[in-house]
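I opened the notebook to record what I looked up, entry by entry. The sequence and structure come next.

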Amino acid sequence: MKIFAHRGASTHFPENTQSAIIAALKANVDGIEVDVQSALDDYVIIHDTYLDRTTNGKGKVCDFSAQQIKQFDAGNGEQVPTLQQLIDWNNNQTLLNLELKHTFELEKFATVLESNIANKKITADNILVSSFNHHQLHWLKSRLPWLKIGALTASIPLQYAKFAQDLQAYSIHIDKNFMNKPFVDDAKMRGLQVFAYTVDEVEDIKLMLACGVDGIFTNDPERTKHYLAQ
Ligand code: G3P
Ligand code: MG
């Protein structure tokens with residue numbers, strides 16, 4: 001089962017920061033999930049629409065430039081990273097799952113991905129873009145046919161995994177609380193990977209294994225890997 005660090009190794013380090021990303025890399029994860037938002041002039045790695053919960057700033061992320069956001073403390077004196085910093089730190093070591101939060105203009109984002117591919121900062125294999133906004137995923141897949149798409153869902157649709165097949169997705173990322181075996185079986189029959197979020201407790205890890213999922217997002221990759229190795 002693949003292990004993805006959720007917001008980096010966010011149990012022990014401030015979520016979506018450099019230390020959480022470096023710790024995830026040290027834990028030799030199969031991938032790192034981060035949340036991407038659009039600031040005024042650049043893409044930044046932060047989960048909430050507002051700065052308030054994870055930094056000492058106040059207000060909406062989209063109302064500040066990346067440099068302004070960097071003035072705020074994202075925990076332990078760390079800064080909110082830009083997307084480019086994340087790509088550079090990863091240095092193509094593992095898969096980056098970029099979860100696009102909210103709706104933003106995608107043409108510039110597609111160009112950023114293309115230039116990183118052209119500069120060999122990242123390979124197509126090591127990038128997976130996910131979103132709850134499937135219209136955005138559909139647009140991106142048409143614009144960048146090589147791009148791996150992860151369809152996020154917090155529900156079990158009537159037609160099971162068909163929505164993701166229609167999107168030409170690589171994977172489905174589903175809330176662990178809705179996971180069931182018929183859904184996983186249907187997804188596999190359609191050639192899709194199934195990854196569950198967010199799975200930290202041993203009891204939940206066992207349930208995901210029983211359902212046959214291909215991977216889990218966990219806040220504590222080291223502990224999860226240790227448990228799975230037993
Ligand atoms: O990408 C999986 C998971 O992170 C989705 O929910 O709220 O933790 O970003 P959230
Ligand atoms: Mg996320």
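Before reading the sheet, I noted that two strands pair if DSSP finds at least two bridges between them. Strands (E, at least two residues) are DSSP runs, numbered from the N terminus. This is a predicted model, in which local features need pLDDT of at least 70, side-chain atom pairs count only at pLDDT 80 or more, and totals for chains, interfaces and linings use all residues. Residues are numbered from 1 along each chain as its sequence is written, chains are lettered from A and ligands numbered from 1 in the order in which they are written, and side-chain values use heavy atoms, with hydrogens and water left out.

**Entry 1: the strands**

I began with S8 and S9, which pair in the parallel sense over two bridges. The partner of Phe 195 in S9 is Gly 215. I then found that strand S1 (residues 2-6) is also parallel to S9, with four bridges, and that Lys 2 stands opposite Gly 215.

In strand S9 (residues 215-218), Gly 215 and Phe 217 point one way and Ile 216 and Thr 218 the other, and all are buried. Buried means under 20% relative accessible area, exposed over 50%, and partly exposed in between (1.4 Å probe, protein chains only).

Next I followed S8 (residues 193-197) to S7, to which five bridges join it in parallel. Here Ile 172 stands opposite Val 194. On S7 I also recorded a parallel pairing with S6 (residues 148-153) over four bridges, where Leu 152 faces His 173.

Why is S7 largely enclosed by the rest of the structure? Five of the five residues of S7 (residues 171-175) are buried, so the strand is largely enclosed.

**Entry 2: the magnesium ion**

I looked up the protein donors of the magnesium ion (ligand 2): Glu 33 (OE), Asp 35 (OD) and Glu 99 (OE), at 1.9 to 2.2 Å. Donors are N, O and S atoms within 2.8 Å of the metal (3.2 Å for Na, K and Ca); water is not among the atoms, so sites may look incomplete. Along the chain the donors follow the spacing E-x1-D-x63-E. Glu 33 and Asp 35 are both buried.

**Entry 3: ligand 1**

Which residues surround ligand 1? I listed His 6, Arg 7, Glu 33, Asp 35, His 47, Glu 99, Lys 101, Leu 152 and Tyr 197, each with a heavy atom within 4 Å of the ligand.

I then checked distances from oxygen atoms of ligand 1 to side-chain N or O atoms: 2.7 Å for His 47, 2.8 Å for Glu 99 and 3.2 Å for Asp 35.

Note on methods
A polar contact is a pair of N or O atoms within 3.5 Å; within protein, one must be able to donate a hydrogen and the other to accept it, and residues adjacent in sequence count only if both atoms are side-chain atoms.
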